[in-house]
Amino acid sequence: MRMQPSGLGVLSRRQLLQSWGCGFGYLAFASLASAASNYRSPLAPRQPHFPARAKRVIFLFMQGAPSQYETFEYSAELASAAQKSSSLMAPAFRFAQHGQSGHFISELFPHLAKQADELCILNGLHTDSPAHPQATIHLHTGSFNFVRPSLGAWVVYGLGTENQDLPGFITINPAPLGGAQNYGSAFLPAAYQGTPYQTRSGKLPNIDNQELGREEQRKQLDLIQSLNRGFLEKAKVDPELEGVIESYELAFRMQSAVPKVLSLKGESDAIRKLYGLDDPQTRDFGTQCLLARRLAEAGVRFIEISHGNWDHHSNLRQRIRQTAREIDQPVAALIADLKQRDMLKDTLLVWGGEFGRTTAGQSTDGRNHNNRGFTMWMAGGGVKAGLRYGATDPVTGAAVEGKIHLHDLHATILHLLGLDHTRLTYRYGGRDFRLTDVHGVVAREILA
Amino acid sequence: MRLLLGFFSNFLFFQLLLGQPSETPSSGGIEFFETKIRPVLAKHCYACHGSGSKNAMGGFFLDTREGIRKGGNSGPAVVPGDIQAGTLLAALRYEGRKMPPSGKLPDSVIADFEKWIAMGAPDPRDGKPANWKESVVNVEEGRKYWAFQNPVKPAIPKVKHSKWPLGVIDQLVLAQLESKGLEPAPDADRATWLRRVTLDLTGLVPTPEQMQAFLADRSPLAWERVVDKLLASPQFGERWGRHWLDVARYAESVGRGRNYVMPYAWRYRDWVIDAFNQDKPYDRFILEQLAGDLLPASTPEERNRNLIATGFLALGSHDLIEQNADMFRMDVVDEQINATSRAFLALTVGCARCHDHKFDPIPTADYYAMAGIFRSTEMLSGLQRRPRDNVSYFNLNLLVKLDLPAGTGKDSWMLDPVKQRRWEELLAAVDEARSAPLRAILKKTAASASRPVMQNPVQTAAKLRQQVLQLLRELDEFPLPRNLAMGVREGRPHDVEIHIKGDPNVLDRRVPRGFVQVVSRPGETGFEIGPNESGRLQLARWLARKENPLTARVMANRIWHHLFGQGIVPTVDNFGKMGEPPSNPKLLDYLAVRFMEQNWSTKKLIREIVLSRTYRISTAHQERNHRLDPDNRYFWRQNRRRLEVEAIRDSLLFIAGKLDFTRPQESPVMEFSRAFDLGRGRGTYPKDYAVSVNWRSVYVPVIRNFLPQMWEAFDFPEPSETKGRREVTTVPTQALFLVNSPWVMDQAKAAAETLLAQPQASGRERIQQVYRQVLSRDPTPHELDQALAFLDAMRSSQSHEADQKSAWARFYQALFASAEFRYRS
């Protein structure tokens, strides 16, 4: 039977079996075979294709495209080439080696430098578009020509989520470029779309009742559920109605679980200080990093946090110093904090922007867009800590060694989560779709 | 002819024109290319200008013969034999554009290039990848597939249970049920039927008064009376028009890289709603959407309507910052092919863009035959790709002009000559900025500026952008003229080449414009496309012809899907091999033929279906049937279905007494800024219209990437792709919305206020009234007691008026949130 999982009933068991690529759904749903009428939440945890190295992802998205030559790609060759060619711009900051790994890290990141040995620095990234909106959507969905599900949606579709009282995919202060497409589910069921959370609003939409106290609300809910059970009784068998009943209990639990996890009240002064919440420069991203840790701890599958202002066409020296300052301490704190909670081993951190910047200078103190070579780094869950992989050409800026296209990046992230990117498919419009379309090679060299 | 041309000196030039890369250059020239030219290109150019990188810089590719001769945005890179023309040599010499950027190449290398071009730029690089094969699709064999054979009206089968059927539909359904050992469910009670049919035809719950009238009407004609009334109400078109808008990927902003508004999209929306209300014959409905501009019209009004209908082809989501102009053109064409083939044929012709369709007998040549039609058509969406100034994406010149008086509405400034003049000045200034080279504008603006032009190109570009933005902001102050619409018009008619692997730089043979062969009949005539027309009119007529095996079936199936929650072919947008086969082929054929026989009348077909017994039966579960047919593929019962978000919202407003039945004049999007991209967060952030207006939901603006919260929660389809069947998911955000959103509470309060205004009603009577309004039935005695207890618990003192009202509001809200309200049985 070939069928799209839609129409009647989200998730009639049968449709689920049909739509989860290549039958790993069968495994997960084996238990359902005996209890055909039991509702199963689309967000219930599912087994990966093979043992996972990471259980969850924190994606630190640096919108605007950070310059690799001022951050994490040490290129002495560029410095010397720049002496010969006036069009090239030498790296603007000093790099020094850090830790056992001897990672070269620019002086802009004194805090992260202390975590050097945790980083797996990827200098050979490349992507297809040098325009911010296209590349941002491409990075998030694997496509800029078509509207496709986002990486986080694919992950939650593949694995479900661990804490049923919280959304499976949360994106904090999402980047404006690309908008909802960056965390959308496109043709995947809406249950897999990301939930945006704005730190300035302080809460998720409709998460609290502004009129009823908890007790009154429970009474109202009891009436609703009693009506629902009566309706289900008349229907006799209907997994979808069971789903509705279940969704009210979940919603009720979410009302207390979500504000609790989003509140930083319980965090000690030491932790606040660690993340830089006491400093106006680092408070914004520090808050995002701390929230990311809390969400990770609470069992959210995919978390994205964002920081903008990396588009340094001019005044690069001054501006990148500032931008780096805003994220350096918070990110280092996140790594340290995850480590001290023994969570770094199964949490995958991914840091980077939509592309990188040119070797050539622009307006004497800036760099232009470069999609042919850029840098990201990973840490934690299943990647080789202390590895530097790949390089760009010191003149053209194109990735020449250890090349990782963003489709490869996606394949690798899925792989670390125990998902085979060629098997994580969804049938829509007459064919099986993948996050990586017909591309993607797992970067095995960077796996621990 | 081609052979003869070969003797002329401009042989190569003609070869180029003909798209026939089959020259046989001298072996010496090739050797020169291989030793002197290719290595340099490979080393210094391919990284940025190779087909390996999808988005070649400047939109051109140097790694194929076609690419290097075609060039990019600034013209051909190489013109064989002419060292004065072409952009490549100038760039190598560092005149103007400096290439390669890493440093000027030695003079001896540049001299090699000169020599090579002078000798005719011999170039053996065949653009075709080694694995490219011309089509192997056997169309004749493909025609044997069920969907490509014409529907035939089936013989009426005998049934055992001969009293059950009310008409042919029932006979066809029952015959199949009996053959599968299934039994139809008993009839639903009358109240359930009325709620079902009212929701299905209008998207609203029936009022208690309508219910009473129907229950009291004991005539056998009672059902027909209800159906005729519903079909005649304007709410019918608002409901069924929305179904079509899902298929038409309707939206009011373009989405993607630069999310600019499409302020005239609403005209198409209203046209669709009117078409359903007027029961426009479906064949005509197709003609107007694809070729309305080419149809004769007897009045200006009819002409306007025809033009507006072609908005169908202009509503797609396009990436306005696509760098490669050819790629953009072909992406637009691709979007139009996809929308057209999926909407009307339920075929995924778009799959044949890069290779023959993997599953259906559609060769790549068919795709490019259709592509030729749309390439010969100009899209007028009001938006343009990459204006020079990078801000004036919205372009009034790219819209369809309607025959309407200007200045009759908010655009009354058009009658004021002073304002009119200023408006035109502004438009002219923006036009200039949009198309003139940056340098020229800068010179011009510098003349009036006190400071000299800055040398820094980034800063100067930013400055230019600021200047244009200033103009656009002033333009924003003028309400848009009303006499415009989105649509298409004829462009330069021409055939296009097969694009190998979809790459606009690697072309194969040229294909005459035409349609999908497997859907055509061998030897069929009457659809020839003349040299001076795009072929859209022929395409439309070809789609809407009775001999088309798919068109009637696809629409009849869509209609069935909306009335049963499941199509006879469940994959309503895909009748190809990757779709599902029809569960009852005879029924599908009957409906298709019937549809055409009744002059493609949507209303008549819907009427026949909803008056059938198959439609009338209950949703009751039956163990034995369920075991045999758990998915109800054979329609042994009605399906219980979650209401769409529009039906939920409209019904809540309706019960609250707040639903505004008037159609809004145009759309709020008309007043959005055209100077900003919605995606950049600098524009007018669209507010959540779903909660701020009381119109029917179909009139709430659909802004890509900014769907209302309620829309997101209740599975509104992504408005960039054809979606004839919506997802139904059950997630806690829906529950949270219904119990916590201030908007839902407001509806509950408004309903409670009206309820309490009725004097001297007892608590029990009021509870009954609430049940009738929300669930279209009376409460059971147990439910009555439960409600009374709930109300008691919710108010601290009976007398206090505010307490009273809030208790009833909470009761309403509980019923709004109940599964029974969210579903139609």
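Two residues are taken to be in contact if their C-beta atoms, placed from the backbone, lie within 7 Å. In chain A of this predicted model, 72% of the contacts with a separation of 6 or more join residues 24 or more positions apart. The secondary structure of chain A comprises 13 helices and 17 strands. The chain has a radius of gyration of 23 Å, close to the 22 Å given by the globule rule for 448 residues, so chain A is as compact as a globular protein of that length. Along the principal axes, its C-alpha atoms fill a box of roughly 85 × 50 × 35 Å. Of the 448 residues, 62% count as buried.

Confidence was examined next. The model scores ipTM 0.82 and pTM 0.81. Chain B has an average pLDDT of 88, and 90% of its residues score at least 70. In residues 1–25 of chain B the pLDDT is below 50; this stretch makes 21 contacts in the model beyond near neighbours in sequence. The pLDDT is also below 50 over residues 448–454 of chain B, where seven such contacts are found.

The two chains meet at an interface. Here 75 residues of chain B are in contact with 74 residues of chain A. On the side of chain B that touches chain A, at least two residues each come from α21 (457–476), α30 (709–713), α31 (732–740), α32 (742–757), α34 (781–794), α35 (801–817) and α36 (819–822). Helix α31(B) supplies the largest share, seven residues. By class, this side of chain B has 31 polar, 25 nonpolar and 19 charged residues.

Within chain B, one helix pair was examined. Packed helices are described by the angle and the distance between their axes. The axes of α14(B) (residues 265–277) and α16(B) (residues 300–309) come within 9 Å and cross at roughly 110 degrees. Angles of 65 to 115 degrees count as roughly perpendicular, so α14(B) is roughly perpendicular to α16(B). From α14(B), the contact is made by B:Arg267, B:Tyr268 and B:Trp271; from α16(B), it is made by B:Arg305, B:Ile308 and B:Ala309. Four of the contact residues are nonpolar, two are charged and none is polar.

B:Asp403 sits in the loop between β2 (400–401) and α19 (417–435) of chain B. Its C-beta atom has 12 others within 10 Å. A residue with 12 or fewer counts as exposed, so B:Asp403 is exposed. Leaving aside residues up to four places away in sequence, B:Asp403 touches B:Pro300, B:Arg303 and B:Asn304. B:Asp403 and B:Pro417 are 14 residues apart in sequence; their C-alpha atoms are 21 Å apart in space.

Two asparagines, one in each chain, have positive phi values. In A:Asn309, phi is near 65 degrees, a positive value in a residue other than glycine. A:Asn309 lies in the loop between β7 (302–307) and α12 (316–340) of chain A. With 15 other C-beta atoms within 10 Å, A:Asn309 is partly exposed. In B:Asn705, phi is near 70 degrees, again positive in a residue other than glycine. B:Asn705 belongs to the loop between α29 (689–692) and α30 of chain B. The threshold for burial is 20 or more other C-beta atoms within 10 Å. B:Asn705 has 24 C-beta neighbours inside 10 Å and therefore counts as buried.

Technical notes
Residues numbered from 1 in each chain as written. Chains lettered and ligands numbered in written order. Predicted model: local features only at pLDDT ≥ 70, side-chain atom pairs only at ≥ 80, totals over all residues. Helix = DSSP H or I, 4+ residues; strand = E, 2+ residues; numbered from the N terminus. Nonpolar A, V, L, I, M, F, W, Y, C, P; charged D, E, K, R; others polar. Rg over C-alpha atoms; globule rule 2.2 N^0.38 Å. Axes fitted to C-alpha atoms, helices over the stretch in contact; angles between N-to-C directions. Parallel < 35°, antiparallel > 145°, perpendicular 65-115°, else oblique. pLDDT = per-residue confidence, 0-100.
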